[in-house]
Amino acid sequence: MTALHLLPNNSTALERALSESLDRTPFFGPYIDTIAGLKYGPVIPATFSPWVIAEYGLGPISEYFLDDGMLIVAGIAWQRVRGTPLGVAMSLSWIGYPVPFIEDQNDRRRKWNRYQVGMGSIPGSELPVLRDAEYLVGLSDPARSVFIRGWHGYDVRTLEYGDGLWGDSLWGDDSGERLDGGSVKWSHGEDLVGSVVVDDDHRNALGVDIALGDELEWGEFPWDAPGISWEGVTDVAAFKSFLVRRLPVYVGFFDADGEAIGYRRPVAVRDMTANHDAAPDRVFLEIEARTDFRDGEGAHCTSIALVFRAGNVDAEKPGKLWLEPSELEFEDGFYAADMTVGTVAANFAFRRTVRQHVTITMEI
């Protein structure tokens, strides 16, 4: 009170003396002046930073930063653009998505305020990363907007009748799966390409070890099959391709101990010999398969192989796409050792939101 008396003009000498003796401004004054601009300085003391974090409302994102200084710098910039696409992109960059692509729903749709995000990559650890992504986007997007789907590598959209592609669409909904308790659908896809060369033993086991001029016996093929005549085999490649493509085949997935995780029916088996410099008696076949969401969830695959002459134990469901190990059985007289062809190295975990796209080229 030495610099400025707050007492009225009619105060007594005793009152003024008490006011001056109890005045703590000379002691606290320098600290008060320092605090006034403390949060705007280049370095905020650790004892003061929690109060700044609380003031700016950065508590909900604090777990994504190593220290308070990083949180304050990034959080203030985020708060300034929160509620915009830039705010969504900024928050996703904190968990390893540096360049997400944000796509608004077509404004002709009734629910025009929904949007999807092209994530740019597949998370290495599915559950924590995707849960964090859903949480952060929910904090960052506009209040009127709804985040419905994130995708990378596998993106099939719902069919828009009259203004959409029939072949690359789904009737009911976009592709993807939701996490337990989550509202956002996630759609991811990974590609795995490999090749196998079938040896003599497996060619014999499969019944396709043939040569030009071989005489034919009655077999499980029509007599108008390509590459044969009444005199015998006239085109080894054509007849071999025909025989192999008639065999039932699955793509098998195996763990580090060689135990089967499951089997997937192929999408297609194609003769790709024309694309290779093949010998007259050699054929190149491309077997393509794509697992579904949730197939083999939680298992870790280290190898893939082709499994021939097998089918579903349940004869009433011969077309089931994914078979568990206990659901697969081989045709009479055939066994796993002879009918499992080739080994392609792999290293991935089956995850709920990821479809594995496998393409194996078989030379036989």
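## Overall dimensions

Of the 364 residues of the protein, 41% count as buried; buried means under 20% relative accessible area, exposed over 50%, and partly exposed in between, with a 1.4 Å probe and protein chains only. This is a predicted model, in which local features need pLDDT of at least 70 and side-chain atom pairs count only at pLDDT 80 or more, while totals for chains, interfaces and linings use all residues. Residues are numbered from 1 along each chain as its sequence is written, and side-chain values use heavy atoms, with hydrogens and water left out.

The radius of gyration is 34 Å, whereas a compact globule of 364 residues would have a value near 21 Å. That radius is taken over C-alpha atoms, and the globule rule is 2.2 Å times the number of residues to the power 0.38. Along the principal axes, the C-alpha atoms fill a box of roughly 135 × 50 × 40 Å. The accessible surface comes to about 20700 Å², and carbon and sulfur atoms hold 54% of it; the areas come from the Shrake-Rupley method with a 1.4 Å probe, and for residues only the protein chains shown count as cover.

The protein has 9 helices and 19 strands. These are DSSP runs numbered from the N terminus, with helices (H or I) of at least four residues and strands (E) of at least two. Among contacts with a separation of 6 or more, 64% are between residues 24 or more positions apart, where contact means heavy atoms within 4.5 Å.

Helix α4 covers residues 68–81, and its 14 residues should span 20 Å at 1.5 Å a residue; the end C-alpha atoms are 20 Å apart, which agrees. The expected span is 1.5 Å times one less than the number of residues. Just after the helix, glycine 83 has a positive phi of about 90 degrees.

Buried residues in α4 are Leu71, Ile72, Ala74, Gly75, Ile76, Trp78 and Val81. An α-helix has 3.6 residues a turn, so residues three or four places apart point the same way. The cover over the buried residues of α4 includes α3 (49–55), α5 (85–93) and α6 (126–140). In α5, Gly87, Val88, Ala89, Ser91 and Leu92 are buried, and their cover includes α4, β1 (101–104), β2 (114–118) and α6.

## An open five-stranded sheet

Two strands pair if DSSP finds at least two bridges between them. Strand β11 (residues 260–264) is joined to β16 by 2 bridges, and the two run antiparallel. Tyrosine 263 has leucine 323 in β16 as its bridge partner.

## Positive phi at two arginines

Most residues other than glycine have a negative phi, and most peptide bonds are trans. Arginine 294 has a positive phi, near 80 degrees, and lies in the loop between β13 (284–290) and β14 (300–308). Arginine 294 is partly exposed, with a relative accessible area of 40%.

Arginine 309 also has a positive phi, of about 55 degrees. This residue is in the loop between β14 and β15 (310–312), and arginine 309 is buried at 13% relative accessible area.

Histidine 357 is in strand β19 (residues 354–363) and counts as buried at 14% relative accessibility. The side chains of histidine 357 and glutamate 288 make a polar contact of 2.7 Å. A polar contact is a pair of N or O atoms within 3.5 Å; within protein, one must be able to donate a hydrogen and the other to accept it, and residues adjacent in sequence count only if both atoms are side-chain atoms. Glutamine 356, also in β19, is buried with a relative accessible area of 3%. Its side chain makes a polar contact of 2.8 Å with the side chain of glutamate 190.

Valine 146 is in strand β3 (residues 146–152) and is partly exposed, at 38% relative accessible area. Not counting residues up to four places away in sequence, valine 146 touches Asn113, Arg114 and Tyr115. Valine 146 and proline 248 are 102 residues apart along the chain, and their C-alpha atoms are separated by 45 Å.
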